[in-house]
Amino acid sequence: MTPTEALTWIQGMFAANRYALTPHAQQRMRSRHIRFDDLRLAAASATRAVLQPANDRWRVEGGRDMDGDDLTLVVEVRADVLIITLY
Amino acid sequence: MSTDGPLPIATDALEACATCGSKSLNRSGRTEVVRAFDVTYPVGGGGYSQATYTFSADVPAAVCGACGAAYLSAEALAAGEYLITRELVARGVGGGAAAKWLRKSAGMTREGLAVLLGVGPERVAEWEQDRELVDRATLLILGDLALDAVEGRTRTLDRLRVVDTPPTDVVHVRAA
(Lines give C-alpha, C1' and ligand atoms only; values in the text may rest on other atoms or scores of the structure.)
Protein backbone atom coordinates (compact mmCIF):
# COMPACT_ATOMS: atom_id res chain seq x y z
CA MET A 1 0.00 0.00 0.00
CA THR A 2 1.46 3.38 -0.97
CA PRO A 3 1.23 6.33 1.43
CA THR A 4 -1.40 7.93 -0.80
CA GLU A 5 -3.48 4.74 -0.87
CA ALA A 6 -3.06 4.38 2.89
CA LEU A 7 -4.28 7.93 3.53
CA THR A 8 -7.34 7.40 1.35
CA TRP A 9 -8.09 4.07 3.03
CA ILE A 10 -7.63 5.48 6.53
CA GLN A 11 -9.81 8.52 5.80
CA GLY A 12 -12.54 6.25 4.47
CA MET A 13 -12.36 4.08 7.57
CA PHE A 14 -12.60 7.14 9.83
CA ALA A 15 -15.56 8.49 7.88
CA ALA A 16 -17.33 5.14 8.36
CA ASN A 17 -16.46 5.05 12.10
CA ARG A 18 -14.48 1.85 11.50
CA TYR A 19 -11.99 2.35 14.32
CA ALA A 20 -11.25 1.21 17.83
CA LEU A 21 -9.45 3.29 20.42
CA THR A 22 -6.77 1.61 22.55
CA PRO A 23 -6.61 2.33 26.29
CA HIS A 24 -3.57 4.53 25.65
CA ALA A 25 -5.42 6.54 23.02
CA GLN A 26 -8.36 6.93 25.41
CA GLN A 27 -6.00 8.20 28.10
CA ARG A 28 -4.50 10.76 25.72
CA MET A 29 -7.97 11.90 24.70
CA ARG A 30 -8.90 12.30 28.34
CA SER A 31 -5.85 14.37 29.25
CA ARG A 32 -6.06 16.57 26.16
CA HIS A 33 -9.88 16.76 26.02
CA ILE A 34 -9.87 15.48 22.45
CA ARG A 35 -13.36 14.87 21.11
CA PHE A 36 -14.99 12.52 18.64
CA ASP A 37 -15.34 15.42 16.18
CA ASP A 38 -11.67 16.33 16.63
CA LEU A 39 -10.70 12.84 15.44
CA ARG A 40 -13.12 13.00 12.53
CA LEU A 41 -11.87 16.40 11.37
CA ALA A 42 -8.18 15.59 11.90
CA ALA A 43 -8.53 12.46 9.78
CA ALA A 44 -10.53 14.20 7.08
CA SER A 45 -8.08 17.10 6.81
CA ALA A 46 -4.88 15.02 7.04
CA THR A 47 -2.51 15.54 4.14
CA ARG A 48 -0.16 12.56 4.38
CA ALA A 49 0.33 9.13 5.89
CA VAL A 50 3.83 8.03 6.87
CA LEU A 51 4.61 4.38 7.61
CA GLN A 52 6.57 3.68 10.78
CA PRO A 53 8.52 0.55 9.76
CA ALA A 54 9.46 -0.27 13.36
CA ASN A 55 5.88 -1.12 14.31
CA ASP A 56 4.03 -1.12 10.98
CA ARG A 57 1.81 1.75 12.04
CA TRP A 58 0.87 4.79 10.03
CA ARG A 59 1.32 8.35 11.25
CA VAL A 60 -1.50 10.39 9.80
CA GLU A 61 -0.19 13.93 9.66
CA GLY A 62 -1.25 17.43 8.64
CA GLY A 63 -4.75 17.15 10.05
CA ARG A 64 -6.39 19.77 12.23
CA ASP A 65 -8.94 19.52 15.03
CA MET A 66 -12.07 21.63 15.60
CA ASP A 67 -9.96 24.57 16.77
CA GLY A 68 -7.58 24.38 13.84
CA ASP A 69 -4.79 22.90 15.96
CA ASP A 70 -2.52 20.15 14.60
CA LEU A 71 -3.61 16.65 15.56
CA THR A 72 -1.48 13.70 14.43
CA LEU A 73 -3.03 10.25 14.58
CA VAL A 74 -1.14 6.96 14.76
CA VAL A 75 -3.09 4.00 13.45
CA GLU A 76 -2.66 0.31 12.87
CA VAL A 77 -4.49 -0.92 9.80
CA ARG A 78 -6.27 -4.26 10.20
CA ALA A 79 -8.51 -5.98 7.68
CA ASP A 80 -11.78 -4.33 8.67
CA VAL A 81 -10.86 -1.94 11.46
CA LEU A 82 -8.35 0.77 12.32
CA ILE A 83 -6.73 0.60 15.72
CA ILE A 84 -5.92 4.06 16.98
CA THR A 85 -2.97 3.84 19.29
CA LEU A 86 -1.59 7.29 19.93
CA TYR A 87 -1.86 11.02 19.39
CA MET B 1 -15.07 -3.55 3.35
CA SER B 2 -18.62 -3.15 2.12
CA THR B 3 -20.43 0.12 2.72
CA ASP B 4 -23.85 -1.31 1.86
CA GLY B 5 -26.31 -1.25 4.75
CA PRO B 6 -25.54 -0.49 8.37
CA LEU B 7 -21.97 -1.24 9.38
CA PRO B 8 -21.25 -3.33 12.46
CA ILE B 9 -19.58 -1.60 15.39
CA ALA B 10 -15.86 -1.53 14.60
CA THR B 11 -14.76 -3.17 17.85
CA ASP B 12 -16.64 -6.30 16.74
CA ALA B 13 -14.09 -6.65 13.95
CA LEU B 14 -11.15 -6.85 16.37
CA GLU B 15 -9.74 -10.35 16.16
CA ALA B 16 -7.18 -10.01 18.92
CA CYS B 17 -6.15 -7.64 21.66
CA ALA B 18 -3.76 -5.02 20.21
CA THR B 19 -2.01 -4.82 23.57
CA CYS B 20 -1.25 -8.45 24.44
CA GLY B 21 -2.37 -10.40 21.37
CA SER B 22 -4.90 -12.54 23.25
CA LYS B 23 -7.96 -13.61 21.27
CA SER B 24 -10.20 -13.74 24.34
CA LEU B 25 -12.01 -10.47 23.68
CA ASN B 26 -15.34 -9.91 25.40
CA ARG B 27 -17.34 -7.84 22.94
CA SER B 28 -20.12 -7.29 25.48
CA GLY B 29 -17.80 -5.60 27.95
CA ARG B 30 -18.01 -2.11 29.38
CA THR B 31 -15.60 0.72 30.01
CA GLU B 32 -15.80 4.33 31.07
CA VAL B 33 -15.33 7.56 29.18
CA VAL B 34 -13.94 9.88 31.85
CA ARG B 35 -13.41 13.61 31.63
CA ALA B 36 -12.37 16.01 34.40
CA PHE B 37 -13.24 19.71 34.47
CA ASP B 38 -11.42 22.26 36.60
CA VAL B 39 -13.64 25.08 37.78
CA THR B 40 -12.48 28.39 39.23
CA TYR B 41 -15.12 30.28 41.16
CA PRO B 42 -15.14 33.50 43.19
CA VAL B 43 -15.28 33.40 46.98
CA GLY B 44 -15.70 36.19 49.53
CA GLY B 45 -13.08 38.90 49.80
CA GLY B 46 -12.26 38.96 46.10
CA GLY B 47 -10.49 35.61 46.14
CA TYR B 48 -10.96 32.52 44.04
CA SER B 49 -11.21 28.85 44.77
CA GLN B 50 -10.88 25.79 42.54
CA ALA B 51 -12.70 22.51 42.26
CA THR B 52 -12.50 19.59 39.86
CA TYR B 53 -15.61 17.81 38.61
CA THR B 54 -15.05 14.36 37.16
CA PHE B 55 -17.67 12.79 34.90
CA SER B 56 -17.63 9.11 34.07
CA ALA B 57 -19.89 7.63 31.40
CA ASP B 58 -20.35 3.87 31.31
CA VAL B 59 -20.29 2.65 27.67
CA PRO B 60 -20.01 -0.63 25.73
CA ALA B 61 -16.50 -1.82 24.83
CA ALA B 62 -14.51 -4.84 23.74
CA VAL B 63 -12.50 -5.94 26.77
CA CYS B 64 -9.52 -8.32 26.69
CA GLY B 65 -10.03 -11.26 29.02
CA ALA B 66 -6.27 -11.65 29.44
CA CYS B 67 -4.91 -8.16 30.09
CA GLY B 68 -8.11 -6.16 30.67
CA ALA B 69 -7.45 -3.63 27.91
CA ALA B 70 -10.73 -2.03 26.81
CA TYR B 71 -11.27 -0.93 23.19
CA LEU B 72 -13.73 1.82 22.49
CA SER B 73 -15.70 2.20 19.26
CA ALA B 74 -16.58 5.56 17.67
CA GLU B 75 -20.22 5.00 18.58
CA ALA B 76 -19.40 4.32 22.23
CA LEU B 77 -17.16 7.39 22.35
CA ALA B 78 -19.94 9.55 20.90
CA ALA B 79 -22.44 8.08 23.38
CA GLY B 80 -20.10 8.80 26.29
CA GLU B 81 -19.59 12.37 25.13
CA TYR B 82 -23.35 12.84 24.85
CA LEU B 83 -23.88 11.66 28.43
CA ILE B 84 -21.14 13.93 29.73
CA THR B 85 -22.56 16.94 27.87
CA ARG B 86 -26.00 16.28 29.30
CA GLU B 87 -24.68 16.02 32.86
CA LEU B 88 -22.46 19.09 32.50
CA VAL B 89 -25.50 21.13 31.49
CA ALA B 90 -27.80 19.60 34.10
CA ARG B 91 -25.34 20.38 36.89
CA GLY B 92 -24.49 23.86 35.63
CA VAL B 93 -20.76 23.27 35.74
CA GLY B 94 -18.90 26.44 34.79
CA GLY B 95 -15.27 27.19 34.11
CA GLY B 96 -13.13 27.26 31.01
CA ALA B 97 -12.82 23.53 30.43
CA ALA B 98 -16.59 23.03 30.62
CA ALA B 99 -17.19 26.05 28.35
CA LYS B 100 -14.82 24.58 25.77
CA TRP B 101 -16.48 21.17 26.02
CA LEU B 102 -19.92 22.70 25.51
CA ARG B 103 -18.76 24.79 22.56
CA LYS B 104 -17.34 21.69 20.90
CA SER B 105 -20.53 19.77 21.68
CA ALA B 106 -22.36 22.55 19.86
CA GLY B 107 -20.03 21.94 16.91
CA MET B 108 -18.78 25.52 16.93
CA THR B 109 -15.41 27.15 16.49
CA ARG B 110 -14.33 29.92 18.86
CA GLU B 111 -14.88 32.42 16.06
CA GLY B 112 -18.35 31.08 15.29
CA LEU B 113 -19.43 31.29 18.91
CA ALA B 114 -17.99 34.78 19.28
CA VAL B 115 -20.00 36.04 16.29
CA LEU B 116 -23.15 34.43 17.64
CA LEU B 117 -22.72 35.99 21.09
CA GLY B 118 -21.57 39.38 19.78
CA VAL B 119 -18.18 39.25 21.50
CA GLY B 120 -14.64 39.12 20.17
CA PRO B 121 -13.00 35.71 19.62
CA GLU B 122 -10.34 36.63 22.19
CA ARG B 123 -13.11 36.78 24.81
CA VAL B 124 -14.05 33.14 24.11
CA ALA B 125 -10.39 32.16 24.42
CA GLU B 126 -10.18 34.01 27.75
CA TRP B 127 -13.19 32.09 29.08
CA GLU B 128 -11.82 28.76 27.97
CA GLN B 129 -8.38 29.43 29.42
CA ASP B 130 -9.87 30.57 32.75
CA ARG B 131 -8.49 34.07 32.33
CA GLU B 132 -12.02 35.42 32.65
CA LEU B 133 -15.00 33.87 34.41
CA VAL B 134 -17.81 32.68 32.18
CA ASP B 135 -20.93 34.56 33.27
CA ARG B 136 -24.14 32.66 34.03
CA ALA B 137 -26.06 33.91 31.00
CA THR B 138 -23.32 32.78 28.64
CA LEU B 139 -23.12 29.44 30.39
CA LEU B 140 -26.86 28.97 29.95
CA ILE B 141 -26.69 29.79 26.25
CA LEU B 142 -23.70 27.49 25.78
CA GLY B 143 -25.54 24.69 27.53
CA ASP B 144 -28.62 25.18 25.35
CA LEU B 145 -26.53 25.28 22.17
CA ALA B 146 -24.74 22.09 23.18
CA LEU B 147 -27.88 20.20 24.17
CA ASP B 148 -29.65 21.30 20.99
CA ALA B 149 -26.76 20.05 18.86
CA VAL B 150 -26.39 16.65 20.50
CA GLU B 151 -30.15 16.13 20.45
CA GLY B 152 -30.56 17.23 16.82
CA ARG B 153 -32.21 20.63 17.30
CA THR B 154 -31.22 24.16 16.24
CA ARG B 155 -33.69 26.16 18.35
CA THR B 156 -31.17 28.21 20.36
CA LEU B 157 -28.96 28.74 17.32
CA ASP B 158 -31.92 29.96 15.28
CA ARG B 159 -33.01 32.36 18.01
CA LEU B 160 -29.52 33.81 18.40
CA ARG B 161 -29.28 34.33 14.65
CA VAL B 162 -32.65 36.10 14.61
CA VAL B 163 -31.50 38.46 17.37
CA ASP B 164 -28.64 39.50 15.12
CA THR B 165 -30.85 40.11 12.07
CA PRO B 166 -33.90 42.18 13.05
CA PRO B 167 -36.74 42.40 10.51
CA THR B 168 -36.48 45.39 8.18
CA ASP B 169 -40.11 45.40 7.14
CA VAL B 170 -43.50 45.45 8.85
CA VAL B 171 -44.30 42.07 10.33
CA HIS B 172 -47.95 41.04 10.66
CA VAL B 173 -48.87 38.55 13.34
CA ARG B 174 -52.33 37.35 14.28
CA ALA B 175 -53.56 35.33 17.21
CA ALA B 176 -55.45 32.14 16.38
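**Following the sheet**

Guide: Happy to! In chain B, residues 24 or more positions apart account for 64% of the contacts with a separation of 6 or more, where a contact means that two C-beta atoms, placed from the backbone, lie within 7 Å. Before we go on, this is a predicted model, in which local features need pLDDT of at least 70 and side-chain atom pairs count only at pLDDT 80 or more, while totals for chains, interfaces and linings use all residues. Residues are numbered from 1 along each chain as its sequence is written, and chains are lettered from A and ligands numbered from 1 in the order in which they are written.

Chain B has six helices and three strands; these are DSSP runs, H or I of at least four residues for helices and E of at least two for strands, numbered from the N terminus. Along the sequence the pattern is β-β-β-α-α-α-α-α-α. The radius of gyration of chain B, taken over C-alpha atoms, is 21 Å, well over the 16 Å that the globule rule gives for 176 residues, so chain B is more spread out than a compact globule. That rule is 2.2 Å times the number of residues to the power 0.38.

Eight strands form an open sheet in the order 2(A)-3(A)-4(A)-5(A)-1(A)-3(B)-2(B)-1(B), with mixed pairing; strands pair if DSSP finds at least two bridges between them. Strand 2 (48-52) of chain A and strand 1 (25-42) of chain B stand at the edges, each with a single partner strand, so one side of each has no neighbour in the sheet.

Where do the chains meet in this sheet? Strand 1 of chain A and strand 3 (residues 70-73) of chain B run antiparallel and are joined by two bridges. There, Ala20(A) stands opposite Ser73(B). Within chain A, strand 4 (residues 73-77) and strand 5 (residues 82-86) pair antiparallel over four bridges, and Glu76(A) stands opposite Ile83(A) in strand 5.

Altogether, the contact between the chains takes 20 residues from chain A and 29 residues from chain B. Strand 1 (19-21), helix 2 (23-32) and helix 3 (36-45) of chain A each supply at least two residues to the side of chain A that touches chain B.

One residue to look for is Ile10(A): leaving aside neighbours within four places in sequence, Ile10(A) is in contact with Ala43(A), Ala49(A), Trp58(A), Val60(A), Val75(A), Val77(A) and Leu82(A).
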